[in-house]
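Q: I would like to learn how to read a sheet, a core and a pair of rings in a protein model. Could we take them one after another?

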Amino acid sequence: MNEKDNPIKVLFISHSSGMVGAERSLLLALKHINRKRFEPIVALPGCGSLKTEINRLGITTYEVKSPWWVRGRENILKRILLLGITIMSEIIALLKLRTIVKRENIDVIYTNTIVNFSGAILSVIVKIPHIWHIREIIPDNPDIISVLPNKILFKFISMTSDRIICNSYATAGQLINCTSNEKTTVIYNAVEPQDTKNLDNFPDIYGAKKTDWLIAVIGTLQERKAQDDAIKACNIARKTIPNIKLLLIGDGNEEYKNYLHEVVNRLDMTNHVLFTGYRNDVPQILPYCKVLLVPSWNEPFGRVVIEAMAAGIPVIGSNAGGVKEIIQDGVTGYLVTPKDPQKIAEKVIYLYHHPELAKSMGNEGKNVLIKRFSPQTYIHSVEKVIQQVVSR
């Protein structure tokens, strides 16, 4: 508790009002945070499913359009043109956020992703603690780029943060030469445990049937997620598993999406690959899948991995990034070399021939989820960091 024996007021700044990985983790924290000790207030860019859910929790929200300083890759001319707009948007956002901080008597600012700088800049201006929750890996990422050079970006993060939370050791690794170990804390994401006993209501997915041998990739359609490797693996596996179907769940880059359709057509996989688009019922879909594939080149964490654990299904993921910190090879799933569809296919086929092993892996995944990735563990760790920065 703080000196006034009142709840610590935390201003959470979200880069989005949607409901993808970072937003789901923020919502989970808001659901479970101890409201007697902490009073959360949330600034987000506008209306959306995240704001709706936060309002249902009875938490105060403000609409502030903080600009993105880390975003999708653009040509150099577009980046120069956008820079002026970004600076003006930042000034407006800072003025609004400063008003909120004063009105609400905020004790600490909590920035939920790397893409927004507003909370960090504001903390320096108003001289209150700042926590930065980093959920992205920037170096060698073909899908996003920072306005600042990487080394300057990470120095900026360190200089403007009292504490830095990273969602994996892989994510923390990019900061290793720019900040002290004492300032950085790794806190793994979490998901709610799931009841998978009742599987009577097969989700409405056009082209999919309950009798299909379903596998899935869940995530934004972008190059580093490597959905193309999943398609190629499915093509190899269909020779052994005739009723296999790959669900590609998510939307994203149109150019990459068109490329994926080209791969499907070239391999004559139209009847085996389903583009579902974004789905908000992933927890209801996963229990019907036999395996989750995570072929990403370098996933910062891999929230979908623990979502699969909650559903009791094994995961075949790349032996890279945060994914290798979650999957226990041969216990809760398999780790394979990135960019190797043949190895993915071999593991898929092996689990097809050994359904009892797949079931055992799924059950062990549930046990691991409770021990390492529970909401209670997650929020206790977050609360501890908030308490520490305010106490200092």
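A: We begin with a definition: two strands pair if DSSP finds at least two bridges between them, while helices (H or I, at least four residues) and strands (E, at least two) are DSSP runs numbered from the N terminus. This is a predicted model, in which local features need pLDDT of at least 70 and side-chain atom pairs count only at pLDDT 80 or more, whereas totals for chains, interfaces and linings use all residues. Residues are numbered from 1 along each chain as its sequence is written, and side-chain values use heavy atoms, with hydrogens and water left out.

Q: In what order do the six strands of the open sheet stand, and how do they pair?
A: Strands of a sheet pair through backbone hydrogen bonds, either parallel or antiparallel. Here the order is S12-S11-S10-S13-S14-S15, and the pairing is parallel. Strand S12 (273-277) and strand S15 (333-336) are at the edges with a single partner strand each, so one side of each has no neighbour in the sheet. Between S14 (residues 315-318) and S15 there are four bridges in the parallel sense, and Val 315 has Gly 333 in S15 as its bridge partner.

Q: Which residues have the most contacts inside the largest nonpolar core?
A: In soluble globular proteins, nonpolar side chains tend to be buried together. A nonpolar core is a set of buried Ala, Val, Leu, Ile, Met, Phe, Trp, Tyr and Cys residues joined through side-chain atoms within 4.5 Å, where buried means under 20% relative accessible area, exposed over 50% and partly exposed in between (1.4 Å probe, protein chains only). The largest core here has 34 residues, and those with the most contacts inside it are Leu 247, Leu 292, Val 305, Ile 306, Met 309 and Phe 373. Helix H10 (303-311) is among the elements that give two or more residues to this core, and H10 gives the most, with seven.

Q: How are the rings of Trp 69 and Phe 117 placed?
A: A pair of aromatic rings is described by the distance of the centres and the angle of the planes. Rings of Phe, Tyr and Trp (its six-membered ring) pair if their centres lie within 6.5 Å, and planes under 30 degrees apart count as stacked, over 60 as edge-to-face and the rest as tilted. The centres of Trp 69 and Phe 117 are 5.5 Å apart with their planes at 5°, so this pair is stacked. Phe 117 also forms a tilted pair with Phe 156, at 4.9 Å between centres and 45° between planes.
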